[in-house]
Amino acid sequence: MNNNIVSQEGVMSSGRSCLLILGMHRSGTSALARVLTLLGADAPQTLMPANVANETGYWESMSVFGLNEELLASAGSAWDDWQAFEPGWLASPKAGAFEARARAALEAEYGGSSFFVLKDPRLCRIAPFWLGVLAAAGVRPLVLLPLRNPLEVAASLEQRHGLAPELGHLLWLRHVLAAEAASRGLPRFHCSYDQLMQDWPRLAARAGQALDLAWPRASERAAPEIDAFLAEKLRHHKEAPQRIADNPALSLWLRETYAILARWAAEGEDPADFATLDRIRAAFDDAAPAFAPLVAQGRADAGRARAAEQATAEAQASLQEALNRAEAEQAGRSRAEAGLKTALAELAEQRAARQQAETERDAARTEAGTEKTGRQQAEAALAARIEEIVALTRLMRAREAAARAGGTVATLLDRQGSRLLPRALRIRRQMAWMRQSGMFDAEWYGRAYPDVAAAGIDPLRHFIEHGAAEGRAPNAAAAGGNGENGIKTE
């Protein structure tokens, strides 16, 4: 397991460092990763989204997560496998292909970052692979190993994934033993979930000292954000450490491993404990085949239980959905009925308004008809008055002309046209004089003497050439006052 030390030679001078978090699932790895980014380390570009299992986020790369899932599957394993990762896989052709993909993922997620966080609980079991990838990329790993009470981890796994507590204990033991062995000899720092939650500033200071680094962002500036993030609500399961040490129902391997790692988190790493951890890991590996049937049976039972729970949950969800639909339909019907009532009321109002408008329109039409009749009568009276005024004006002008001339219309016409003038010129002069005098009413003349209109002759020309000599009147006033108004037509 110390081969990774050799693979790190030459990396120290590259200037790039990776905070590699090797922690078991549900052990606070996400919280630790977020605190490290708030202290100045770079997070990956494509973060895994938060969900109900981790409401504050996972702070790990989606692409690295997907790659690790495929890697484990290629070796016949999975995230919840409690057995050791197949060591021969690292020498297989598969490893080379995955290494190229892993380096590409690092480049895509972190670019040329000189200080970044790499986190995924699956890294515990495949740490030798990723340590080799970091070495090939010229990145120095600085390892952080968060520890959480295995009873709390098992309780969380049971709630989140339905895993039996005994399987949760095995998973915890496998992950922490594999992570410790793979990172031995590298710059590393052991800490606990309790330390992170209760006194993160001291934990950050100790980590900086153990890993020989200075945080890019001062703790006092990051404090408000970190305090807000590390809310007590993040912790859902609490178990006293004494429940492990004093519990004979738990395996001795589990109790001894937790005691050593808890002491390292509190006091610092002690190489004297390496032999004990190696012995536990070897015994665990040897016993794995014996546990396999029991674990498989437990998983099958758990699977059936989860399937039954899922079926029950789906049935309940279907029932609830049906109830919700029924309630929604009833609410829809109620809204439709209310809408119909409103529409009917609005229709009645519209009909009443339309009837009122029609009544008002009829009244307005009647009033307008009355006004029109009155206006027409007034206009007719006005036209008659105007015609009367025009006739009187003409009569007045005729009287004035007669008074000045002292003769008949024919005489007056003779005076306007000398007998010595050519007949056509004389008639034009006489017609011009008659128009100017205003004595001649052509329209009246045509009505008064239908023979003139029937002949199609110009009324004024007829009057000058024939009418005056025949005693015909030039206008209505002259006709009504013939022999009495002072104008003589013959």
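The model is predicted: local features need pLDDT of at least 70, side-chain atom pairs count only at pLDDT 80 or more, and totals for chains, interfaces and linings use all residues. Residues are numbered from 1 along each chain as its sequence is written, and side-chain values use heavy atoms, without hydrogens and water.

**Patch residue**
- Leu347 belongs to helix H13 (residues 274-405); helices (H or I, at least four residues) and strands (E, at least two) are DSSP runs, numbered from the N terminus.
- Leu347 is partly exposed at 34% relative accessible area (buried is under 20%, exposed over 50%, partly exposed in between; 1.4 Å probe, protein chains only).

**Aromatic pairs**
- There are 15 aromatic pairs (Phe, Tyr and six-membered Trp rings with centres within 6.5 Å; planes under 30 degrees apart are stacked, over 60 edge-to-face, the rest tilted).
- Phe85 and Trp89 pair edge-to-face, at 5.7 Å centre to centre and 70 degrees between planes. Both are buried.
- Phe115 and Trp215 are tilted, because their planes meet at 50 degrees, with centres 6.3 Å apart.
- Phe115 is in strand E2 (residues 115-119) and Trp215 in the loop between helix H9 (200-211) and helix H10 (219-229), so this pair ties together parts 100 residues apart in sequence.
- Phe85, Trp89, Phe98, Phe129 and Trp130 are linked by ring pairs into a cluster.
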